[in-house]
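Hi everyone, thanks for coming.

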Amino acid sequence: MTPKVRADRMEGKTPMRWIDIPPNWLAAHLLALWVLGEGGPQIEGRVWDALGVCLIVLGLALMLWSVVWMVRARTTPIPHRMPSALVTGGPFLFSRNPIYLGDMMILAGAVAWSGAVLGLLLLPLLLVILTRRFIIPEEKRLTRAFGPAYESWARRVRRWL
């Protein structure tokens, strides 16, 4: 007889898997932005400052809105865990990955606010990391857990926007 697997159980074989989470990747990219901004080419101006702050605030708000919807559905917002519900309302009406979109908005906002031109290189790097390390495995878990319901929703809603 096989034991039941809890819906929130972390997948993966390494005990350090909890370190491999999007907030840590975002923090690493923000640190890299700070390093790249020191001495590199800069773009300055109040427009960039305002745009940066707006993107950061909107990214945080989108993440919070997404987590609220997931908690209300009694599923986990924590990566690497098996979901217990398919959330298709709220921010999930226009993006399959609004929390990761929020991460990208925060980094883009930080790049604009800092004015670090080399920081633009970090955006596609974070996009690739989020897609390969988190989104693709999550899509596989959602397909396994919800089958046709997930596939139908995925056909209607884009991965990012």
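I'll start with the ground rules, then go through the helices and finish with some ring contacts.

So, this is a predicted model, where local features need pLDDT of at least 70 and side-chain atom pairs count only at pLDDT 80 or more, while totals for chains, interfaces and linings use all residues. Residues are numbered from 1 along each chain as its sequence is written, and side-chain values use heavy atoms, with hydrogens and water left out.

How confident is the predictor? pLDDT is its confidence in each residue, from 0 to 100. The protein chain averages 91, and 89% of the residues score at least 70. Residues 1-10 have a pLDDT below 50, and beyond near neighbours in sequence, this stretch has 14 contacts in the model; a contact means heavy atoms within 4.5 Å. Where pLDDT is low, the predicted coordinates should not be read in detail.

Now the overall layout. The protein chain has 4 helices and 0 strands. Those words refer to DSSP runs, numbered from the N terminus: helices are H or I with at least four residues, strands are E with at least two. Of the 161 residues, 40% count as buried. Buried means under 20% relative accessible area, exposed means over 50%, and partly exposed is in between, using a 1.4 Å probe and protein chains only. And of the contacts with a separation of 6 or more, 78% are between residues 24 or more positions apart.

Let's take helix H1, residues 22-37, which contains Pro23. Pro23 is partly exposed, at 46% relative accessibility. The C-alpha atoms of Pro23 and Asp103 are separated by 7.7 Å, although the two are 80 residues apart along the chain.

Next, H3. This helix has 17 residues and reaches 24 Å from its first C-alpha to its last, close to the 24 Å expected. The expected span is 1.5 Å times one less than the number of residues. Is H3 enclosed or open? Of its 17 residues, 14 are buried, so H3 is largely enclosed by the rest of the structure. After H3 comes Gly115, with a positive phi near 75°.

H4 is another story. Helix H4, residues 122-156, has 35 residues, but its end C-alpha atoms are only 29 Å apart, short of the 51 Å that a straight helix would reach. Where does H4 bend? At Phe146, by about 125°, and a proline, Pro148, follows within four residues. That bend is the angle between axes fitted to the seven residues ending there and the seven starting there.

Also in H4 is Leu130, which counts as buried at 0% relative accessibility. Leaving out residues up to four places away in sequence, Leu130 touches several residues, including Tyr100, Met104 and Trp160.

Last, the rings. There are 3 aromatic pairs. Rings of Phe, Tyr and Trp (its six-membered ring) pair if their centres lie within 6.5 Å; planes under 30 degrees apart are stacked, over 60 edge-to-face, and the rest tilted. One of the pairs is Trp65 and Phe94, tilted, at 6.2 Å centre to centre with 35° between the planes. Trp65 lies in helix H2 (residues 46-72) and Phe94 in the loop between H2 and helix H3 (98-114), so this pair ties together parts 29 residues apart in sequence. Trp65 is partly exposed, at 39%, and Phe94 is partly exposed too, at 34%.

Methods
pLDDT = per-residue confidence, 0-100.
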